[in-house]
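Here is a brisk report on selected local geometry.

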Amino acid sequence: MSTRTRPRAHPDDGSTTYREALREALREALTSDDRVFLMGEDVGRYGGCFGVSLGLLEEFGPERIRDTPLSESAFVGAGIGAALAGLRPVVEIMTVNFSLLALDQILNNAATLRHMSGGQLGVPLVIRMTTGAGRQLAAQHSHSLEGWYAHIPGLRVLAPATIDDARHVLSAALVDPDPVLLFEHGSLYNAAGILDPSVRSVDLDRAAVRREGTDVTVVAYGGCVSKALEAAEELAGEGISAEVVDLRTLRPLDDATFVGSVRRTHRAVVVDEGWRSGSLSAEIESRICEQAFFELDAPVERVCSAEVPIPYARRLEEAALPQPAGIVAAARRVVS
Amino acid sequence: MAEFTMPSLGADMDEGTLSQWLVHPGDQVARGDVVAVVETAKSAIEVECFHSGTVDALLVDEGVTVPVGTPLARIGTSAESRPTTDRPPSTPLVRRLAQDRHVDLAAVHGSGPGGRITRADVEHAEPEPARAPEHDKTAGPSQPIHTGIRRQPGTEPARRKRSGSGAEAKPAPPTRSTKPVRSDDSTGERPAPPRVKSSPLARRLATELGVDLAEVTGTGRGGTVRAEDVRSAPAAEGAPRPAVPDMARAATARLMSRSKREIPHFYLSTTVDMAAALEWMHARNRELPLSARLVPAALLFKAVALAARQVPKLNGHWADDGFVPAEEVRLGIAVSLRGGGLAAPSLAHADTLSVVEVMAALKDLVARARGGRLRASETADPSLTVTNLGDQGVEAVFGVVYPPQVALVGLGRIVERPVAVNGLLGVRPMVTATLSADHRAADGATGARLLTAMDRLLQQPEDL
């Protein structure tokens, strides 16, 4: 099993935070490849809105750690141009909410140029952005829209859920000759754990089974993986053995892994911080039904966010999001 | 006004001939009454009516063949006299529930919005068994029960309303009774069995294990039959499987199509002198009690099993583009089923059994295969199958390999033939043994070894 990502009070015991793991990955990429540079709002002097790029400006200089104006469309477009020109830009958009300002660039240029140029133009661009709620940042900074991006052909959409994935996902993403979107869940930045030295890379084509089980498959990704694991722990106490699948890549979906798991457990709960209607969870449930209908022993359950703008008030925010208790209850329903 | 339609009396039936009317216009009929005789491709079947009321008109004459679903008669139900607005509003699901539980919806107080009768209202209403048959008409005259749920505009099944958009959707409340939702007020056969709620996996398992879902008590939500319930169902043993012939035929069809599509067959044939074997058998039979007496098939099967052990390259399975030899000789015995289709129950360790034991096992297996009461262990993949059509009078059978096996031995009738033996012409009992084999797994030389080994073994029957 991979490293559990849980916030710790004193991360000075050799453990690494998710934030530090991402920074280390950036540092490695900047060091090993001259074509790599980072740009975005406040990534330089401020050290990144979430502190991921803290110190990188001093280390690599303003040519490679570039602060940009508040214009998502402009700097994502610049990133696409740089990628077309042979560089390997990493563009940081503060949150997924703001990325919608650059959606035209992402969908109409980055994702489509390969196709529209008859394969002549690739856009080897990595866009990092924060997603998800749980930190009382209210609706305009808290939504989980990665499912929208997972809808778009031409993009690869990643959601690292563990320290190990955070540490190694960037190098794998930079190898991809086409645009890759990296969704970092905001609640994970402070999560800490010991990096597994045996893990040297991330297989972007494969979902990961984070915990093995026999009674129910819990499919989750990003910030919900740790909640799913917590729920699995509680279920284990009741004698229900839950298998937790971390999607890791939201597009293309590794359905072989989660459908394979459902074939063994015959029951499924899909956890998705997006809104239920038209969500990624709907796609996953649909694939399970398409590919393993006759293996199902109960209807697939979904645990999603309430279909409201994510509230600011803490209790309300907690109530609106998928929580371990909800996952446990859903698992009980499909098993009992 | 209700319509009595040509029922579907089997998955493969698409039309039927109305051979006889048992009612006349003006007759009163109750649900479950036999009203007509229908001739299908298989047999004449008495058909019950699923409405109560007065026969208004017969729409199809005797002797006429019509497609399934064609209206055969109009039946005036007494529910028609009641204006539809009098009926308390309820959803199709609730009406069905009421029907199943013999609850008269007219007598139920609706607690839902606009006086709508909810599921809970029906569950709380006390059934009145004495008046049960009368209540069917409250289900709505235009709703034949076998069509299941039909949605009407503006109404939704009650369960629907419960799934909110919240993070934790509440499950539908369990129904009071854990019995599967089905009506049990009719006697005898119905045109189409009522739908039993069951999970897809449970359905698949029920088919595999030969369990009748209608006999299983569901423990899932709302009485849904789950895999667990099917596994713990007592069925299988004792009760013959429902609809064995159709299912068996379909399964055989699939398997054989696959075999001919995927397996490059080659065929070998040889004739085996059975004189020594039969002489030994007759001598042996004199010592054996009548019930244990041997037939030639027992010797032949035993010889095939021993030959398979000597030629392991044909005893096993083709899997993942390669031949996997079996660890034991698990002899499949092709048994033709009554009504069509084939079963190939397997005889484990056939090579280690004595001829008498093979004989006993054979009798037992064939009887139970035809009764549809095979045990799961006996349906496990055989490593080599034998098909014996000698008792059907043919002299040779060139079979089709059962995938994933790689070979099949065919045996014909033992016939007396003039044969040259030691330079002299004599009359000997001869049997034609054939081998159908997968050319991917083996070549003719290997196949020849199997048949000659069999021949050799049958010349030393005392060693079998």
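This is a predicted model: local features need pLDDT of at least 70, side-chain atom pairs count only at pLDDT 80 or more; totals for chains, interfaces and linings use all residues.

B:Asp321 sits in the loop between strand 10 (316–319) and strand 11 (322–325) of chain B. Strands and helices here are DSSP runs, numbered from the N terminus: a helix is H or I with at least four residues, a strand is E with at least two. The phi of B:Asp321 is near 60°, a positive value in a residue other than glycine. Its relative accessibility is 70%, so B:Asp321 counts as exposed.

Residues are numbered from 1 along each chain as its sequence is written, chains are lettered from A and ligands numbered from 1 in the order in which they are written, and side-chain values use heavy atoms, with hydrogens and water left out.

**Backbone exceptions**

B:Asn422 also has a positive phi, about 50°, although it is not a glycine. B:Asn422 lies in the loop between strand 18 (415–421) and strand 19 (424–438) of chain B. With 78% relative accessibility, B:Asn422 counts as exposed. Most residues other than glycine have a negative phi, and most peptide bonds are trans.

| Cis bond | Omega |
|---|---|
| A:Arg251 to A:Pro252 | about -5° |
| B:Pro403 to B:Pro404 | about 5° |

A:Pro252 is placed in the loop between strand 13 (249–251) and helix 10 of chain A. B:Pro404 is placed in the loop between strand 16 (384–388) and strand 17 (407–411) of chain B.

**Strand pairing in chain B**

Two strands pair if DSSP finds at least two bridges between them. Strand 2 (residues 15–21) of chain B pairs with strand 7 (residues 64–67) of chain B over four bridges, in the antiparallel sense. There, B:Gly16 stands opposite B:Val66. Strand 2 of chain B is also joined to strand 4 (residues 34–39) of chain B by four bridges, again antiparallel. B:Leu18 has B:Val38 in strand 4 of chain B as its bridge partner. In a regular strand the side chains alternate between the two faces of the sheet.

**A five-strand sheet in chain A**

Chain A holds an open sheet of five strands in the order 10-12-11-14-15, with mixed pairing. Which strands stand at the edges? They are strand 10 (208–211) and strand 15 (301–305) of chain A; each has a single partner strand, so one side of each is left without a neighbour in the sheet. Neighbouring strands of this sheet are turned by 25° against each other on average, direction ignored. Strand 10 of chain A pairs with strand 12 (residues 242–246) of chain A over three bridges, antiparallel. A:Arg211 stands opposite A:Val244 in strand 12 of chain A.

Helix 10 (residues 255–265) of chain A lies across strand 10, strand 11 (216–220), strand 12 and strand 14 (268–275) of chain A. Helix 10 runs at about 160° to strand 11 of chain A. Axes are lines fitted to C-alpha atoms, for helices over the stretch in contact (heavy atoms within 4.5 Å). Angles run from 0 to 180 degrees between N-to-C directions.

**A bent, enclosed helix**

Helix 8 (residues 163–175) of chain A bends by about 40° at A:Val169. The bend is the angle between axes fitted to the seven residues ending at a residue and the seven starting there. Of the 13 residues of helix 8 of chain A, 11 are buried, so the helix is largely enclosed by the rest of the structure. Among them are A:Asp164, A:Arg167, A:His168 and A:Val169.

**An aromatic cluster**

Rings of Phe, Tyr and Trp (its six-membered ring) pair if their centres lie within 6.5 Å; planes under 30 degrees apart count as stacked, over 60 as edge-to-face and the rest as tilted. The count is six aromatic pairs over all chains. In one of them, A:Tyr18 and A:Tyr189 have ring centres 6.0 Å apart and planes at 65°, so the pair is edge-to-face. A:Tyr18 is in helix 1 (residues 18–32) of chain A, and A:Tyr189 is in the loop between strand 8 (180–185) and strand 9 (191–193) of chain A, 171 residues apart. A:Tyr18 is buried at 0% relative accessible area, and A:Tyr189 is buried at 2%.

A:Phe50 and A:Tyr189 have ring centres 5.2 Å apart and planes at 20°, so this pair is stacked. A:Phe50 lies in the loop between strand 3 (36–40) and helix 2 (56–60) of chain A, so its pair with A:Tyr189 ties together parts that are 139 residues apart in sequence. A:Phe50 is buried too. A:Tyr18, A:Phe50 and A:Tyr189 form one aromatic cluster.

Terms used
Buried means under 20% relative accessible area, exposed over 50%, partly exposed in between (1.4 Å probe, protein chains only).
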